[in-house]
Amino acid sequence: MTASAPSRFPHRHILGIEGMSPVEIGTLLDLAEGYIDVSTRKEKLGTLHGRTVMNLFFEDSTRTRTSFELAALRLGADVINMAVANSSVKKGETLIDTALTLHAMHPDVLIIRHPNSGAPHLLAQKLGCSVINAGDGSHEHPTQALLDALTIRRRKGTIAGLTVAICGDVAHSRVARSNIHLLQTMGARVRVVGPPTLMPPAIDRFGVEVFHDMKKGLTGCDIVMMLRLQLERMDGAFVPSLREYSHFYGLDHEMLAAAKPDALVMHPGPLNRGIEISTEVADEIDRSLILQQVEYGVATRMACLEAVVATLAEAGK
Amino acid sequence: MSVTAFLNARLLDPATNLDTKGGLLIDGGVIAEIGPNVKAPAGAEIVDCGGACLAPGLIDMRVHAREPGEEYKETIATAAGAAVAGGVTTMVCLPNTMPAIDNPALVGFVLQRGREAGLAHVQTYAALTQNTDGHKLAEIGLLQEAGAIAFTDGTKAIDDPVLMRRALTYAKTFNALIVQHPEEPRMAKGGEAHAGELSARLGLSGIPGIAEAMMLERDMRLVEMTGGRYHAGHVSTGEGIEVIRRAKARGLRVTADTAPQYFALNENEIGEYRTFVRLSPPLRPESDRLAVVQGLADGTIDVIASDHAPHDQESKRLPFGQAEPGIIGLETLLPLSLALHHNGKLALLDVLRRLTIAPAELLGLPAGRLAKGAPADLVLFDLDKPWRVEEIKFRSTSKNSPFDNRPMQGHALRTIVAGRTVFTRKA
């Protein structure tokens, strides 16, 4: 392998941000930075030539899966997509059995998304290949947090010292958890904003500031990070109605005015326009980073793939 | 049957607070003599206990034997084998099998299987509601006549307060004990772990600790109203235990048990989603673990039961939220309980009380005591022997124990049921 071994990232798996050091996160972001141009030039590299990357998605997700697929292809890997959401798993096969079956095809990296928290950890314990978590239950979505960090870093120069408000359904959000860990590790101040029914238990123990009043929560913020709403939770179960939610926690220009004048807006997508975010804010060229997030997603995932494969190579695998 | 003499033993009987060197004679399956000056009569078989502890055999009032219906996980015979290897001489089977033990013929089936195994005494609960589905009362009187020892829906809470009220009221006719799984089911619905910082970090949906206290508080009102006999199974929270403490202080007929996992482990054992510690109720924070120890020490918790819940690999080798809850416990019940003594939390006789005479009195069993004429159900154990748990040595068909490879102190050397040695530990 010709991969420039990033020995400052000594892990074979990327299962979550929690526990990663600032150096490790910085290493991945630096690697990703280098791939942004490659990505724009549609160049194809040979870094992962001869390697097989397998996408194993137990939940539908067009954008994350495509992003990983493109990243792997740009690095010269062979890519297999398993749309497990509608295959043998529905016939009663367990996760382990599915994974062992696929493992017999000798993938080097397994990208997994699963509705149960901890599913990628189970595979990492049982399989010999690298495992990258593409979102597990309400636990973590590490590559999303990394691409968010890359987006912030490129626009603001640094993450340290920024105040970031993460708004919406923090309780059920893996994006929120990964971002809380990453932003705090890199020296940002993190706030979470949303109704108390959408906050996880013991959120005060995460070292974040908690706001139930969105205007107060946005006051003085550099970054407003919106979370996607799972609409099925908004029908009286966690909040009374969509219109009540969007009235108090939707991001429109009036709400955004509470943040710093140069505050930037982020959203992991897909958007529920007119619910958690207004169309004007989402599409505002100067302040919305939403499309950059998608773009940098590919570069970030290239970095993650390279990093774990380099660790595999160092181990002689 | 000839006389057997157990000599040179440390006799331990919580029922009479006896702790003395001495011997014990067994004749015809019952205890014939006991005390410091017991001598073997001519022709008796003599067992030199070598100074080891001789106590009433343990009575484990929470065992999932999985038969009928899930014999690939455990059978009554294999569970009884595990029981005697753990010093348990009476095990009480929970009724949530497939089908549930909700008619007299099934009670007879379980008891018959127990007799066929010929190891530990096997007793059984019957379902409190038909098919344990919480809607209609099962035939409490007929089930009791068939041999059911108490009534419970096992791992399901009796949710409907009207039904619980009627059950407590109706059961009075038969002086039947009702055992609750004390958890407000809607608070616990879909829950994977104790609700708190750990569950939030791991992204596991949480079961708040107060789900236990809420159900217990409601039930205490119903016990007070009806005068029924009520027992709370596997209590796990400080708040829940406090509810029971207050109810006892007010004179209600209420008792409780807990399982070793709730005083030996806390939620941090989950680590990176270890499904072997997915339990119902879930493992709690350290503060609750300490409250369980305190509840045992002050007698609020009457009984220690293993909550033996065998699961095959396929039920545990799954993402945390899909894994079945429960661990096996028959063979670790004694050493984990003895740790309470070794750690200075409970006197040795108090540890044994919660494993012997307390469940015996609660369930109306003649065993659980070293008394002349009592059944010769005994355990001879080494109080101090250090050893390490090895999964492969478990007698249970299933091996789902989080204690694999853990150092333990003390274990059963010999188990005697109705005067007959049914287990001897190989040196």
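**Exercise 1.** Leaving aside its neighbours within four places in sequence, which residues is A:Asp148 in contact with?

*Solution.* Keep in mind from the start that this is a predicted model.
- Start by placing the residue: A:Asp148 belongs to helix α5 of chain A, which covers residues 142–156.
- Next, set aside anything within four places in sequence; the contacts of A:Asp148 are then A:Val175, A:Asn179, A:Met225, A:Met266 and A:Gln293.
- Now look at A:Gln293, whose side chain makes a polar contact with the side chain of A:Asp148 at 2.7 Å.

**Exercise 2.** Which side chain of opposite charge is nearest to A:Asp148, and how far away is it?

*Solution.* 
- The nearest one is A:Arg301, 8.1 Å away.
- A salt bridge here needs the nitrogen and the carboxyl oxygen within 4 Å.
- A:Asp148 has no salt bridge, yet it is buried.

**Exercise 3.** In what order do the five strands of the open sheet in chain A run, and is the pairing parallel or antiparallel?

*Solution.* 
- Reading across the sheet of chain A, you get β7-β6-β5-β8-β9, with parallel pairing.
- The edges are β7 (209–211) and β9 (264–266) of chain A; each has a single partner strand, so one side of each has no neighbour in the sheet.
- On average, neighbouring strands in this sheet are turned by 20° against each other, direction ignored.
- Zoom in on one pair: β6 of chain A, residues 189–193, pairs with β7(A) over three bridges in the parallel sense.
- Within that pairing, A:Val193 sits opposite A:Phe211 of β7(A).

**Exercise 4.** Now over to chain B: which strands stand at the edges of its six-strand open sheet?

*Solution.* 
- First get the order, which is β9-β10-β11-β14-β15-β16 in chain B, again with parallel pairing.
- The edge strands are β9 (126–127) and β16 (303–304) of chain B; each has a single partner strand, so one side of each is left without a neighbour in the sheet.
- Helix α8 of chain B (residues 238–249) packs on the sheet, where it touches β14 and β15 (254–258) of chain B, and its direction makes about 150° with that of β15(B).

**Exercise 5.** Which residue does B:Phe151 stand opposite in β11(B)?

*Solution.* 
- Strand β10 of chain B (residues 151–152) pairs with β11(B) in the parallel sense over two bridges.
- Opposite B:Phe151 you find B:Ile178.
- Strand β11(B) also pairs with β14 of chain B (residues 229–232), in the parallel sense over four bridges.
- There, the bridge partner of B:Ile178 is B:Tyr230.
- As for directions, B:Leu177 and B:Val179 point one way from β11 of chain B, while B:Ile178 and B:Gln180 point the other way, and all are buried.

**Exercise 6.** Is B:Ala412 buried or exposed?

*Solution.* 
- Find B:Ala412 in strand β18 of chain B, residues 407–417.
- Its relative accessible area is 2%, and buried means under 20%.
- Therefore B:Ala412 is buried.
- Not counting residues up to four places away in sequence, B:Ala412 touches several residues, including B:Leu334, B:Phe381 and B:Phe423.

**Exercise 7.** Which parts of the structure does the salt bridge between B:Asp307 and B:Arg62 tie together?

*Solution.* 
- In this bridge, the closest N and O atoms are 3.0 Å apart.
- B:Asp307 is in the loop between β16 and α11 (313–316) of chain B and B:Arg62 is in strand β6 (residues 58–63) of chain B, so the pair ties together parts 245 residues apart in sequence.
- Both ends are buried: B:Asp307 has 7% relative accessibility, and B:Arg62 has 0%.

**Exercise 8.** Why does the pair A:Glu18 and B:Arg201 join two chains?

*Solution.* 
- The two side chains meet in a salt bridge, 3.0 Å from N to O.
- A:Glu18 lies in the segment before α1 (22–41) of chain A and B:Arg201 in helix α6 (residues 197–202) of chain B, so the pair joins two chains.
- A:Glu18 counts as partly exposed, at 37% relative accessibility.
- Step back, and you see a network of salt bridges linking A:Glu18, A:Arg205, B:Glu197 and B:Arg201.
- Over all chains, the count comes to 35 salt bridges.

How values were computed: Residues numbered from 1 in each chain as written. Chains lettered and ligands numbered in written order. Predicted model: local features only at pLDDT ≥ 70, side-chain atom pairs only at ≥ 80, totals over all residues. Heavy atoms only, no water. Pairing = 2+ DSSP bridges. Axes fitted to C-alpha atoms, helices over the stretch in contact; angles between N-to-C directions. Buried < 20%, exposed > 50% of the residue type's maximum accessible area, 1.4 Å probe, protein only. Lys, Arg positive; Asp, Glu negative; His and termini not counted. Polar contact = N/O pair within 3.5 Å; in protein donor to acceptor, adjacent residues only side chain to side chain. Contact = heavy atoms within 4.5 Å.
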